[in-house]
Amino acid sequence: MASIFTKIVSGEIPSYKIAEDENYFAFLDINPNAKGHTLVIPKREENKLFDLSKEEYDGLMSFSYRVAKAIEKTIPCKRVGMSVIGLEVPHVHVHLIPLNAMSDIQFIEKVKLSKEEFVELAEGISSNFE
Ligand code: 5GP
């Protein structure tokens, strides 16, 4: 069965898209740790990060680099943090999170955003993606 994230790539489940290319897709996390919390995935479904081929891993990291640069340009923060967990969704995803405090990377405190805020964030980050 297709993962939630495969359904997001196909458009079956809506998302606040940031960017995509042939192999990778970036979108806002629906339950963000902080404003601008973004997920970057390979379109090809794989459960665990280190089960990706070296080539696909490198491609995911290069794409994440470009997304992180766009987040930095858009969201005021001390830095963009990166984390890979995957205990909830078994489809590889890189969390890119604007950080101002240690708690922003701890997946405990969440930020509630309106649809309008999600749209504005996605459009802002997307417009800075190069
Ligand atoms: P992990 O698997 O790394 O523990 O966490 C999965 C992440 O995916 C969580 O941060 C969660 O909020 C996010 N997530 C789960 N389902 C959806 C969804 O349908 N849409 C979006 N945009 N994010 C999701």
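Select the shell around the ligand, whose residues divide into 10 nonpolar, 4 polar and 2 charged; here Ala, Val, Leu, Ile, Met, Phe, Trp, Tyr, Cys and Pro count as nonpolar, Asp, Glu, Lys and Arg as charged, and the others, Gly among them, as polar. This is a predicted model, in which local features need pLDDT of at least 70 and side-chain atom pairs count only at pLDDT 80 or more, while totals for chains, interfaces and linings use all residues. Residues are numbered from 1 along each chain as its sequence is written, and side-chain values use heavy atoms, with hydrogens and water left out.

Next, colour Asp29, Gly86, Glu88, His93 and His95, which come nearest among the 16 residues around the ligand (a residue is near if one of its heavy atoms lies within 4 Å). The largest share of the shell, 3 residues, comes from α1.

An oxygen atom of the ligand lies 2.9 Å from a polar backbone atom of glutamate 88, and one is 3.0 Å from a polar backbone atom of valine 89.

Finally, turn to the aromatic rings, where the structure holds 6 aromatic pairs (rings of Phe, Tyr and Trp, the last by its six-membered ring, with centres within 6.5 Å; planes under 30 degrees apart count as stacked, over 60 as edge-to-face and the rest as tilted). Select tyrosine 16 and phenylalanine 118, which form a stacked pair, 4.8 Å centre to centre with 5° between the planes.

Terms used:
Polar contact = N/O pair within 3.5 Å; in protein donor to acceptor, adjacent residues only side chain to side chain. Helix = DSSP H or I, 4+ residues; strand = E, 2+ residues; numbered from the N terminus.
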